[in-house]
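Open the model in your viewer and keep the selection tool ready. The tour goes stop by stop.

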Amino acid sequence: MFHVEHYDVIVIGAGHAGLEAANICEKYGLKTALITKNQSDLGKLSCNPSIGGVGKTHIASEVDILGGVICKIGDKSAIHYRVLNLSKGPAVWGVRAQIDRDLYAKNMQKYIKLSKIELIEDEAINILQKNNKIIGVDCINAGKIKSKVVILTTGTFLNGKIYFGNEVKEAGRIGNSSSKELAKFINKNFKTMRLKTGTPPRIHTQSIDYDILDPQPSENNGIFLSYFTKQNTNKNINCYITKTNNKTHKIIRDNLDKSAMYSGIIKSQGVRYCPSIEDKITKFGDRNGHNIFLEPEGLNSDLVYPNGISNSLDKKIQLKFLRSIKGLEKCEVDQFGYAVEYDSVDPRELKNNFETKKIENFFLAGQINGTTGYEEAAGQGIYAGIHAVVKIKKVKFDNKVFQRDNSYIGVLVDDLTKLGVTEPYRMFTSRAENRLKLRTDNSYERFASNINTKIFNKTDYNLINKNIDNEKKIIKKIESLKYSPNDLMKKKIKVKKDGKIRNGFEVLKFLNPTTNNFKNFFNISISQKLLTKIYFDSKYEVFYERERKSYDQLNKNKNMNLTNIDFNKIPSLSREILEKLNKYKPVNLHDAGKISGITPSALFQIIKHKRIKGTKVA
């Protein structure tokens, strides 16, 4: 018999995917329940206490503009900021914020409890369906609960196991039991696979000798995760850098038989781009050392997260290799590192709206779809939530924003549902064909058609619209200004004497982009944030057309024969790309593009190689 409560949506799991899914469903007016085994785990950062990074910030910024919470709560809880790739162009800039773990959970719990989301502290053990259509969820304590839609976001909990060397425990993460009953339903109804991730040990900060280490101070440059953040009021503290050495490597190499990964206990595929220290030593053994970033877990925390030494070694070996590292000679460990193995669903079991093909109104999001990372999970959560809203409430939503040429979420969804995964999927800017346009500073522009008062409070809604209107006025004004080459030379701007009349927007790329220079040249006041954005729009304008033509070239050459190519002779291809091309031996470019992990840039390199070899290319 069903529980008396009936919901529009039930979200199972309160990680990043589940929180974003529940939040957006509630904002659009759906009666939403969020099921979690323990309410104190809500907003828990399971692994790294940080948000953002190259590719990851790109997804998070899109979640932010869609009405999500990861960036806002991240900024409220941040204690250290850096912008990665600042020496390169803004298409690959990535804000990375170090997060106070306890503060993030506290802020997220406060946010959810102030919403209309109903929290249910229970364990879902079965998905209820009738004629292949969702009718509800069965829980251990609450029993059967009726719902029109279920969004499943189980993370690493389906048949989860954690490994410390040869020691094995059934758990989704340390301190949390795995979901075995729910896993039975998933494995019965869908094609699944086993994937692996891992985490490093946690070290007591008082046992670290910081005096001999290099500090990494926070960059207080006014750049935040969220579009709406004006300032971070938390104390910002240093991270520190150390590295492994030959002694460390020898200890690990001599004890690989005590690693769950290398002893043969774990056979599932791990995260290629977040490798364990065992992987680093084995595959890159010629390096003198591997960097370790000592990241504080919080302002009031005694623990440090040593980013870069995820492992599944025996606990005694972990302590031994840790104490061989500069600054950690006397370190004390609070929690040892471990590997996590879990069930995930082949994402090709999903429609492109993340609804399962076999069961109507059943959506999957997060690591269950074969991904890794908080930001990738958050992007999937809000995506699944929005499509659940569209499905049952018929709200108007411009779905073109999720085409792969318009958003990183679109790239992720397209890659997952069409290509599937052979290892945990992580987002990189190289996966996007149009990455010059898919920048973190213009997410609001790309998603403008869906900005509304349902997803933002009055203050945020007015702010974003005011900024958009101001940008339009400034661009209209500078586009109305005309300059000949002589006009520009008088202003000490070097251009060709080609007689071409340029408008102010075209001239902008020749300026040093400071607010004073802009004011002096155009007599218009502007914020540095907006100036940086429109400056790179001006600078990249010519390249946007090149990107479009390159994308067209891929389509034109999709039938290009690859059977006679020796991929090993294309020096620009990465080891990963070569492995996959040599393994699958694609017949043509279209088949190569269907291989998970083969990037657009790799396909362009193949075309270029064929051209150099004299083969006709369109």
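How many disulfides does the count come to? Zero, by the rule that a disulfide is a pair of cysteine sulfur atoms within 2.5 Å. This is a predicted model: local features need pLDDT of at least 70, side-chain atom pairs count only at pLDDT 80 or more, and totals for chains, interfaces and linings use all residues. Residues are numbered from 1 along each chain as its sequence is written, and side-chain values use heavy atoms, with hydrogens and water left out.

Select Cys71, which is in no disulfide. Its nearest cysteine sulfur belongs to Cys239, 19 Å away. Cys71 is buried at 1% relative accessibility (buried means under 20% relative accessible area, exposed over 50%, partly exposed in between; 1.4 Å probe, protein chains only). Go to Cys239 next. The closest cysteine sulfur to that of Cys239 is in Cys47, at 15 Å, so a bond is ruled out by distance. Cys239 is buried too, with a relative accessible area of 2%.

**Glu433.** Now pick the loop between helix 10 (408-419) and helix 11 (443-446), where Glu433 is found. Helices are DSSP runs of H or I, at least four residues, numbered from the N terminus. Is Glu433 buried or exposed? Buried, with a relative accessible area of 15%. Show side chains: Glu433 makes a polar contact with the side chain of Arg404 at 3.0 Å (a pair of N or O atoms within 3.5 Å; within protein, one must be able to donate a hydrogen and the other to accept it, and residues adjacent in sequence count only if both atoms are side-chain atoms). Beyond neighbours within four places in sequence, Glu433 is in contact (heavy atoms within 4.5 Å) with Arg404, Glu547, Tyr551 and Pro600.

**Helix 17.** Finish at residues 575-584, where Glu576, Ile577, Leu578, Lys580 and Leu581 are buried. Just after helix 17, Lys585 has a positive phi of about 45 degrees.

Conventions:
Helices (H or I, at least four residues) and strands (E, at least two) are DSSP runs, numbered from the N terminus.
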